[in-house]
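Grab your viewer and follow along.

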Amino acid sequence: MTVSKEKASLPRLSPLTISQQVKRRGLELGLDLVGIAPVGRPESFPQYEDWLQRGYHGEMTYMSRHRDKREDPELLFPGARSVIVGGLNYYQPLSEPQGSLVGKVARYALGRDYHKVLSRKLKALLDYLRSLVGPQVDGRVFVDSGPILERDLAVRSGLGWIGKNTCLIHPKKGSYLFLGELLVTIPLEPDPPFQRNHCGKCRQCLVACPTGALVGPYLLDSRKCISYLTIELRGSIPRDLRPLMGTWVFGCDICQEVCPWNKKATLTAEPDFSPRPWAAPELLEIVRLSEKEFRERFAGSALMRAKRSGLVRNACVALGNLRDESAVAPLVALLMDDPDPIVREHAAWALGRIGTQPAITALTQALQTEKDETVRTEILLSLKDATQE
Ligand code: B12
Ligand code: SF4
Ligand code: SF4
């Protein structure tokens, strides 16, 4: 069928009717929230600029690129007139650790990687929109993948407000929501933006954050955030923050766990988000993983982002915080043999925290052979800490 014939056969629907149908279809596809907004300058663009100025993006250099596109989504997708924003509930209770040396993975990463799951739904929504209006409608899907201020668009399309923990919160669904956008080239009937902020006088997230990353309401210094430290940071985790990270090995949920708006969070209905074997990882297994085993074990999971080096580094920090003697032998193996200096450095730190005689002996021996200056410095500091305690 040619485009013109197909166009001719389609009924002319008003933007309001199309919008209603699209929202209904979005819910049928499994989205929990669907809202529509016109494309335009994000209201919180000045806050984003301020955040960059303060250096709160740390090493996430991609956050400082394409500022022009973040300010004007039409530069990102020429011809864009409207944005359909989808929210997808991923809430799962964290499973009770079966052993004592189990790491914590943030809820958003317990199941299959959400990027594909949510993108698929939004692409299906575009197909549906085309079936309603005609193939001339162009659209582009973004899920955490482009220079877009997604939370701003979610507020603008009426999905919720931004809490003091900087998360988008829906009054009924809470904040365990993924956000994704479908930018389209036709005008749609917008939803009213979410006007109220229901945080009130509450400050629970600010008080609970173990590293002080929430430096003020609505202001997150990524460089201190466990989520950033365990997922985005490639190098060394600052020494002063390691003891505050507990057993989180990928992401952190504390500022959402304490939020009263998450008390009524309901289980996700998305089968792809049900917990996989990596949901409660044995720390001693992680520190023994080779590159190949890491890739096999975490294929299809968001944990791939940390790479083997990052995940083993994080597991070392968690073991250092648990201070369990049974971790000494695998940590010594890392310190002596791992080709990655970041891993050796964090293994040394963990051994220093455990501080038993075998751990101290291994640190002293490693000094004889270690060539990397950063690792040597860590060994010396860890020996000092261990022998002073
Ligand atoms: C970079 C990034 C991070 C960084 C920085 C987080 C941050 N707060 O900026 C790190 C690695 C730390 C991170 C962590 C997490 N992230 Co993240 N992250 C992003 C990403 C890619 C960009 C965010 C961004 O633009 N930051 C810049 C700052 C300035 O923007 P912002 O935090 O969104 O803040 C806006 C508001 O706070 C507002 N604002 C600023 N000041 C003020 C003042 C007032 C009064 C008000 C009302 C508003 C306001 O303006 C800002 C700009 O629009 C987005 C995807 C995207 N493209 O948007 C996902 C995203 C924000 N992350 C997401 C998730 C799930 C997480 C984690 C929960 C994962 C985890 N469990 O570990 C944590 C949550 C930590 C937290 N408290 O925010 C979801 C959030 C969904 C939601 N319900 O909000 C997103 C939207 C990804 C997605 N597509 O679903 N993330
Ligand atoms: S995710 Fe964790 S470390 Fe980051 S701001 Fe929230 S509570 Fe703090
Ligand atoms: S914990 Fe309190 S202050 Fe923080 S986001 Fe939730 S309601 Fe707002």
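Predicted model: local features only at pLDDT ≥ 70, side-chain atom pairs only at ≥ 80, totals over all residues.

The protein chain splits into domain 1 (3–98 + 108–184) and domain 2 (282–389). There's an open sheet of four strands, ordered S1-S2-S7-S4, and there are shells of residues to look at around ligand 1, ligand 2 and ligand 3.

**The sheet**

- The four strands of the open sheet pair in the antiparallel sense, in the order S1-S2-S7-S4. At the edges sit strand S1 (33–38) and strand S4 (139–142), each of which pairs on one side only. From one strand to the next, the twist averages 20°.
- Helix H2 (residues 15–28) packs on this sheet and touches S1 and S2. The direction of H2 makes about 145° with that of S1.
- Another helix to pick out is H6 (residues 114–133), which lies across S2, S4 and S7. H6 runs at about 35° to S7.

**Strand S7 and its partners**

- Strand S2 (residues 82–89) pairs with S7 over eight bridges, antiparallel.
- One pair to find here is Arg 140 with its bridge partner in S7, Leu 183.
- How enclosed is S7 by the rest of the structure? Largely, because eight of its eight residues are buried.
- Leu 177, Leu 179, Glu 181 and Leu 183 point one way from S7. Phe 178, Gly 180, Leu 182 and Val 184 point the other way, and all of these residues, on both sides, are buried.

**Ligand 1**

- There are 39 residues around ligand 1, and the ones that come nearest are Ser 44, Gln 47, Ala 106, Ser 227 and Gly 251. Helix H3 (45–53), helix H7 (150–156), strand S7 (177–184) and helix H9 (226–232) are the elements that give two or more residues to this shell.
- By type, the shell around ligand 1 has 23 nonpolar, 10 polar and six charged residues.

**Ligand 2**

- Around ligand 2 you'll find Asn 165, Cys 209, Thr 211, Ala 213, Leu 214, Leu 220, Cys 225, Ile 226, Ser 227, Cys 252, Ile 254 and Cys 255. H9 and helix H10 (254–257) are the elements that supply two or more residues to that shell.
- The shell around ligand 2 is made up of nine nonpolar and three polar residues, with no charged ones.

**Ligand 3**

- The residues that surround ligand 3 are Gly 163, Lys 164, Asn 165, Cys 199, Cys 202, Arg 203, Gln 204, Cys 205, Val 258, Cys 259, Pro 260 and Trp 261.
- Sorted by type, the shell around ligand 3 holds seven nonpolar, three polar and two charged residues.

**Two loop residues worth a click**

- Leu 159 is found in the loop between H7 and strand S5 (161–162). Why does Leu 159 count as buried? Because 26 other C-beta atoms lie within 10 Å, and the cut-off for buried is 20 or more.
- Setting aside residues up to four places away in sequence, Leu 159 touches Leu 33, Gly 35, Val 85, Gly 87, Ala 154, Leu 168, His 170 and Phe 194. Its C-alpha atom is separated by 41 Å from that of Glu 291, 132 residues apart along the chain.
- Thr 268 lies in the loop between H10 and helix H11 (283–286). Thr 268 has 22 C-beta neighbours inside 10 Å, so it counts as buried.
- Not counting residues up to four places away in sequence, Thr 268 touches Asn 89, Tyr 90, Tyr 91, Gln 92 and Phe 273.

- How far apart do the C-alpha centres of domain 1 and domain 2 lie? They are 39 Å apart. The contact takes four residues from domain 1 and four residues from domain 2.
- On the side of domain 1 that touches domain 2, the residues divide into two nonpolar and two charged, with no polar ones.

Technical notes: Residues numbered from 1 in each chain as written. Chains lettered and ligands numbered in written order. Near = placed C-beta within 6 Å. Nonpolar A, V, L, I, M, F, W, Y, C, P; charged D, E, K, R; others polar. Pairing = 2+ DSSP bridges. Axes fitted to C-alpha atoms, helices over the stretch in contact; angles between N-to-C directions. Contact = placed C-beta atoms within 7 Å. Buried ≥ 20, exposed ≤ 12 C-beta atoms within 10 Å, placed from the backbone. Domains from an automatic or database assignment.
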